[in-house]
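Dear colleague,

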Amino acid sequence: MAIQSMLFNHSAIWVQVTPAVFEESAEKKHNLTGVRVDVSSRRESLSSQGSQSANTARLFYLACSSRIDGDIGVPNFADGDSIIFDRVEYRIAGSRRVYGGNRLNHIEVELV
């Protein structure tokens, strides 16, 4: 079932990490608008510092109407990049492109 486009009313920041050149990596920040972010679960873990919790989430980017830095485009989300949504930073753990009618419909990005 398709997600209705009126639900794509969130904004987020995509922090793109470029490969290391001469032992130094760089980050580039992009503003994402017209996206949807679903925070899906809370994960509890125990460590030497005590109990810690973390959220997992999924970002949906519509190919026809979501925007990157104000323009329609198709970003190449990569593992290790991050998404900042609602003042919480998530790491990208994978993404998949979903096609319909032989064209890109949306991108689903797994966040941890």
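How many aromatic pairs does a search of the whole structure find? The search finds two, where rings of Phe, Tyr and Trp (its six-membered ring) pair if their centres lie within 6.5 Å, with planes under 30 degrees apart counting as stacked, over 60 as edge-to-face and the rest as tilted. One of them joins Y61 and F77 edge-to-face, at 6.2 Å centre to centre and with 75 degrees between the planes. Because Y61 lies in strand β3 (residues 50-62) and F77 in the loop between β4 (67-68) and β5, this pair ties together parts that are 16 residues apart in sequence. Y61 is buried, at a relative accessible area of 0%, and F77 is buried at 10%, buried meaning under 20% with a 1.4 Å probe and protein chains only. Ring pairs link W14, Y61 and F77 into a cluster.

This is a predicted model, in which local features need pLDDT of at least 70 and side-chain atom pairs count only at pLDDT 80 or more, while totals for chains, interfaces and linings use all residues. Residues are numbered from 1 along each chain as its sequence is written, and side-chain values use heavy atoms, with hydrogens and water left out.

As for the strands (DSSP runs of E, at least two residues, numbered from the N terminus; two strands pair if DSSP finds at least two bridges between them), β5 (residues 82-85) and β6 (residues 88-100) run antiparallel and are joined by four bridges, with I83 opposite Y90. Two residues separate these strands in a hairpin, where D86 in the turn has a positive phi of about 55 degrees. β6 is also joined to the antiparallel β7 (residues 103-111) by eight bridges, and Y99 has L104 as its bridge partner there.

Best regards

Definitions and conventions:
Buried means under 20% relative accessible area, exposed over 50%, partly exposed in between (1.4 Å probe, protein chains only).
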